[in-house]
Amino acid sequence: MARVVVDVMLKPEILDPQGKAVHGALPRLGFSGVTDVRQGKRFELEVETADEATLAEIEKMAETLLANTVIEDFVVRVEDEASAK
Amino acid sequence: MKIGVVTFPGTLDDVDASRAVTIGGNEAVALWHGDHDLKGVDAVVLPGGFSFGDYLRCGAISRFSPVMTEVIEAAHKGMPVLGICNGFQILTEAHLLPGALIRNDHRKFVCRDQKLRIENNATAWTSAYAKDQEITVVLKNGEGSYVADVETLDMLEGEGRVVARYLDVNPNGSLRDIAGITNERGNVVGLMPHPEHAVEELCGPGTEGLGFFTSLAASVFA
């Protein structure tokens, strides 16, 4: 078994009101030094094997459903076996 | 004319939309998201609400509902399709309309009577209005901020495809005050405000939303 992670983030030029809200909350809680926050989504896909064909298929899934490429970018990566357990 | 109103799980405004269709002089036909069937309708309304709980992204799951295969095919052939609020989000997710709707810039749900200017009265859904007519209808959304890249915005404005623009107040941070747009052909219209809630004097801010539901008949009899 392998775990493939798809990270989806709003494109840099798209306003992220949720990230802004989190950013605004940090100083109120006494945390300083954070100059910006962007909030995204992480998908964990469990697959039999993370071979080339599977990854190509997951790229297609990300493009079709997981991300809206009009406003979002995505990155597909295989998580190493140890952390997948 | 027979106008189909699609119900998805989580749709809220299908009953109001059907009522507006009837008041507008057309026959409302209930369509179910899970059916590969448009029941022979002449046009389709995708009403507002929170289909599939807005999971993943607003409209992202509904866009793949069985009925959408038929809606998309019919839209490409020229059938009039109106997406209101969540329906607008579904139309952008289905790539029938460009751009996307994201969370309001001020992060709060907004519910107000909203003034609009109908800038394009040549679409299947706006022909009952005069060009640049100002109307007031209900607006209610949490993720109604229209965004698109600069080239797309310039293209929409250059081709006169901005159907409606917010007046007085930009309620959600939409780029260039865009409240509604149409496709190249003018048969598909997406609108964030709710004309179906402004069709009777008894409730809502008046009857100025009715034009969206009388335009189809007007365009046929014209």
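This is a predicted model: local features need pLDDT of at least 70, side-chain atom pairs count only at pLDDT 80 or more; totals for chains, interfaces and linings use all residues.
Me: What makes chain B as compact as a globular protein of its length?
Reply: The radius of gyration is taken over C-alpha atoms, and the globule rule is 2.2 Å times the number of residues to the power 0.38. For 222 residues the rule gives 17 Å; chain B has 15 Å, which is close, so chain B counts as that compact. Its C-alpha trace spans about 40 × 40 × 35 Å along the principal axes. Chain B holds 5 helices and 11 strands. These are DSSP runs numbered from the N terminus: helices are H or I with at least four residues, strands E with at least two.

Me: Why is B:N172 called buried?
Reply: A residue is buried if 20 or more other C-beta atoms, placed from the backbone, lie within 10 Å of its own; it is exposed if 12 or fewer do, and partly exposed in between. B:N172 has 25 such neighbours, so B:N172 is buried. It sits in the loop between strand 9 and strand 10 of chain B. Of the 222 residues in chain B, 57% are buried.

Me: Why is B:D177 called partly exposed?
Reply: B:D177 has 18 C-beta neighbours inside 10 Å, so it counts as partly exposed. B:D177 lies in the loop between strand 9 (162–166) and strand 10 (178–182) of chain B. Its phi is positive, near 60 degrees, and it is not a glycine.

Me: What makes B:D54 partly exposed?
Reply: Its count is 18 C-beta neighbours inside 10 Å, so B:D54 gets that label. B:D54 is in the loop between strand 3 (43–46) and helix 2 (66–76) of chain B. Here too the residue is not a glycine, yet phi is positive, about 60 degrees.

Me: What makes a set of residues a nonpolar core?
Reply: Its members are buried Ala, Val, Leu, Ile, Met, Phe, Trp, Tyr and Cys residues, joined through C-beta atoms within 7 Å. The largest such core has 68 residues, and B:V44 and B:V45 have the most contacts inside it. Residues are in contact if their C-beta atoms, placed from the backbone, lie within 7 Å. Leaving out residues up to four places away in sequence, B:V44 touches B:G4, B:V6, B:L38, B:V71, B:M79 and B:V81.

Me: Why are strand 2 and strand 3 of chain A said to stand at the edges?
Reply: In chain A, 3 strands form an open antiparallel sheet in the order 2-1-3. Strand 2 (41–47) and strand 3 (72–79) each have a single partner strand, so one side of each lacks a neighbour in the sheet. Two strands pair if DSSP finds at least two bridges between them. Strand 1 (residues 2–10) and strand 3 of chain A are joined by 8 bridges. A:V5 stands opposite A:R77 in strand 3 of chain A.

How values were computed:
Residues are numbered from 1 along each chain as its sequence is written. Chains are lettered from A and ligands numbered from 1 in the order in which they are written. Two residues are in contact if their C-beta atoms, placed from the backbone, lie within 7 Å.
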